[in-house]
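Please look over the sequence and the model below before reading on.

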Amino acid sequence: MFNCPICGNSMKVEQSVSLVCEKQHCYDISKQGYVNMLFHTTKTKYDRALFESRNIISRSGFFDPMLEGISNRILQAQGADRGGELKILDAGCGEGSHLMEVVSQLEERQSSHKVLGVGVDIAKEGIVMASKAGADQVWCVADLAHSPFADRQFDFIMNILSPSNYAEFRRLLADDGMVIKVIPGDDYLQELRKMFYSQTSKESYSNDHTMELFSRHYERIDSERIQYRVVLDSKRMNHLINMTPLSWGASPETCEQTMGDEMEVTVDFTVLYGWN
Ligand SMILES: [Zn+2]
């Protein structure tokens, strides 16, 4: 499954504690079972607190209708039985909850395939959490631009609310595979947007540019809009505000003002499907 991110050669596991390539580049496998392919840990805004908030929001069911939509599509797409193992990459998996949910939905609803989930993220904090919760999946700290995987092996690549690397997606996707990209819809968390950014240019949002970019990279595309509303108690509201990049541009005072109330928020996703 792995290709060395430095020299591109294939790799093998040695004594179950490291991955070594033909040129002896060596990467540790941690006790929790994830592989670290980064030599320097990159500091990102995605720290432990953010991933804990996202995990709590995830487990409250906030993303479930969107993830069900994805699972349905995967089941439909592999209707013509290809047999064997189904490999799904989550590019930018964070703390892994989306991938684990999709894999468990697929396993529940079809038993003919074994499903292998592979999660990759540049933020080590996310992967550490993911590897503790999802022992059956493969987790990897790596830069998506130099991703450590062999060519054309993934049946599905998910990329949920996270930056894309289309060249890598193309390289990694199996010939009849499908890329699934989730982006915020125009009304996503509009209630927060109004509070944080009233009368500024950030008050409204459009995903036209991202959709256009996506459509340029695939021969055939399809899209689906998934909208629903969620009521969050004050505790979960705080976690939602902590986890969303929307709050990063808002002043701490504004964030504080909005914390502490139960709220109903709009969830609005555009799911893009692409085939090479
Ligand atoms: Zn190497």
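What follows is a description of selected features of this predicted model.

## The sheet and its edges

Strands of a sheet pair through backbone hydrogen bonds, and they may do so in either a parallel or an antiparallel way. In this model, eight strands form an open sheet, and reading across it gives the order β4-β7-β6-β5-β8-β9-β11-β10, with mixed pairing. The edges are held by β4 (35-36) and β10 (220-232), each of which has a single partner strand, so one side of each is left without a neighbour in the sheet.

Strand β5 (residues 85-91) runs parallel to strand β6 (residues 114-121), and seven bridges join the two. Within this pairing, E85 stands opposite K114 in β6. Strand β5 also pairs with β8 in the parallel sense, here over three bridges, and L89 is found opposite I157 in β8.

Strand β8 (residues 154-160) is mostly covered, since seven of its seven residues are buried. Besides its pairing with β5, β8 pairs with strand β9 (residues 173-184), again in the parallel sense, over six bridges. One of the positions to look for is F154, whose bridge partner in β9 is L173.

## Helices packed on the sheet

## Helices α2 and α3

Two packed helices are described by the angle between their axes and by the distance between the axes. For helix α2 (residues 64-77) and helix α3 (residues 97-109), the angle is about 50° and the axes are 9 Å apart. That angle makes α2 oblique to α3, and the crossing of the two helices is right-handed.

On the α2 side, the contact is made by D64, L67, E68, I70, S71, N72, I74 and L75, while α3 contributes H98, E101, V102, Q105, L106 and R109. Sorted by type, the residues of this contact between α2 and α3 divide into six nonpolar, four polar and four charged.

## Helices α1 and α8

Helix α1 (residues 48-59) and helix α8 (residues 234-243) pack at about 130°, and their axes are 8 Å apart. This makes α1 oblique to α8, and the crossing of α1 and α8 is left-handed.

The residues that make the contact are L50, S53, R54, I56 and I57 of α1, together with R236, H239, L240, N242 and M243 of α8. In the contact of α1 with α8, the residues divide into five nonpolar, three polar and two charged.

## The position of N3

If neighbours within four places in sequence are left aside, the residues in contact with N3 are G8, N9, S10, M11, P148, F149, A150, D151 and R171.

Methods
Residues numbered from 1 in each chain as written. Predicted model: local features only at pLDDT ≥ 70, side-chain atom pairs only at ≥ 80, totals over all residues. Heavy atoms only, no water. Axes fitted to C-alpha atoms, helices over the stretch in contact; angles between N-to-C directions. Helix = DSSP H or I, 4+ residues; strand = E, 2+ residues; numbered from the N terminus. Parallel < 35°, antiparallel > 145°, perpendicular 65-115°, else oblique. Left-handed = near helix turned anticlockwise from the far one by under 90°. Contact = heavy atoms within 4.5 Å. Nonpolar A, V, L, I, M, F, W, Y, C, P; charged D, E, K, R; others polar. Buried < 20%, exposed > 50% of the residue type's maximum accessible area, 1.4 Å probe, protein only. Pairing = 2+ DSSP bridges.
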